[in-house]
Amino acid sequence: MSIILSILAPLCVLQSVQYRSPAGTEYRAQRDTGAIARAESALAADPRNVDRIIALGVAQSSVRQYRGLKIAPNHALLYRWRGHRYLSTRQFDRAMADLTRGARLDSTIYGIWYHLGIVRFVGRDFAGAADAFTRALPMAPDSGERAGSTDWLWMSLSRAGRKADAQALLDRHPDVPNAGNAYAQRLRLYRGDVAPDSVFTPADTSDIQIATLSYGIGDWYLVQGDTAKARGWFERAVASGGWPAFGFIVSEIELRSRKTR
């Protein structure tokens, strides 16, 4: 029987430390502007409603509150969300466990495979990441997600030494042009449509966008064998301050890796 064990992050986590980097830098939640209070009120009226639990989690994540989720033990979609939260707070083993369990419960959820691919990539299991993104890509719900899955699949295949397969993926063009996100901009680099110094646009000023674009450029340089330039872009990603971004998370890993020293 599926029973809700508890709801998401309590009020005491407001603007609390959500992640402390290995260097000791503290990253905090942002201030709620009302979305969390509205989601909490809706959930209080129907505390066993899974959609309202997810809505509260989304509201909390929008202001970078990630800690405190406990879930219905047999609901796959909630494992997708908690796995994402564990990933954001660098609890990679827990993220892997949640997402793997979620995939066993329901193998048709796009977000489970996408985030499982990220966790495997973080763990440098590039072949496993490629498998997860291969499964995610056909399920992508919109053009932005298709661009993201295509991007991470290209990186995973490239890092797994499958460069011919990575090029065939780009040639097949499963993503939609002009998806309007950072991944679409990175894919233009991979396809040779823009140079590395032209990936950024004047609109790319948010910390998440800077981290995401910087990591993609750095990984591209790494695939080309230029570890010095790759390291510079990974450092830029971390310097952005956009700590929840996957590009920031993986840049931290890359900077600790022997491959970029």
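Me: Which residues of H3 are buried?
Reply: The buried residues of H3 are Ala76, Leu78, Tyr79, Arg80, Trp81, Arg82, Gly83, His84, Arg85, Tyr86, Leu87 and Ser88, where buried means under 20% relative accessible area, exposed means over 50% and partly exposed lies in between, with a 1.4 Å probe and protein chains only. That makes twelve of the 13 residues, so H3 is mostly covered. This is a predicted model, in which local features need pLDDT of at least 70 and side-chain atom pairs count only at pLDDT 80 or more, while totals for chains, interfaces and linings use all residues. Residues are numbered from 1 along each chain as its sequence is written, and side-chain values use heavy atoms, with hydrogens and water left out.

Me: How far does H3 reach from its first C-alpha to its last?
Reply: Helix H3, residues 76-88, reaches 19 Å, close to the 18 Å expected at 1.5 Å a residue; the expected span is 1.5 Å times one less than the number of residues. Helices here are DSSP runs of H or I with at least four residues, numbered from the N terminus. Just after H3, Arg90 takes a positive phi of about 65°.

Me: What is the nearest side chain of opposite charge to Arg80?
Reply: It is Glu145, 6.4 Å away, and Arg80 is buried yet has no salt bridge, a salt bridge being a side-chain nitrogen of Lys or Arg within 4 Å of a carboxyl oxygen of Asp or Glu. For charge, Lys and Arg count as positive and Asp and Glu as negative, while His and the chain ends are not counted. Leaving aside neighbours within four places in sequence, Arg80 is in contact with Leu99, Gly111, Ile112 and His115, contact meaning heavy atoms within 4.5 Å.

Me: How many salt bridges are there by that rule?
Reply: The count comes to ten. In one of them, Arg159 pairs with Asp219, with the closest N and O atoms 2.6 Å apart. Arg159 lies in helix H7 (residues 143-159) and Asp219 in helix H10 (residues 207-224), so this pair ties together parts that are 60 residues apart in sequence.

Me: Are Arg159 and Asp219 buried or exposed?
Reply: Arg159 counts as buried at 13% relative accessibility, and Asp219 is buried as well, at 0%.

Me: What else is linked with them in a network of salt bridges?
Reply: Arg124 and Glu254 belong to the network along with Arg159 and Asp219. The side chains of Arg124 and Glu254 meet at 3.5 Å, N to O, and they link distant parts of the chain, with Arg124 in the loop between H5 and helix H6 (126-136) and Glu254 in helix H12 (residues 246-256), 130 residues apart. Arg124 is partly exposed at 27%, whereas Glu254 counts as buried at 0%.

Me: Changing topic, how many residues does the largest nonpolar core have?
Reply: It has 59 residues, and those with the most contacts inside it are Tyr114, Ile118, Phe121, Trp152, Trp154, Tyr190 and Phe246. A nonpolar core is a set of buried Ala, Val, Leu, Ile, Met, Phe, Trp, Tyr and Cys residues joined through side-chain atoms within 4.5 Å. The largest share of this core, nine residues, comes from helix H5 (residues 110-122).

Me: And what does Trp152 touch?
Reply: Not counting residues up to four places away in sequence, Trp152 touches Tyr114, Ile118, Phe121, Phe133, Tyr183, Arg186, Tyr215, Phe246 and Val250.

Technical notes:
Helix = DSSP H or I, 4+ residues; strand = E, 2+ residues; numbered from the N terminus.
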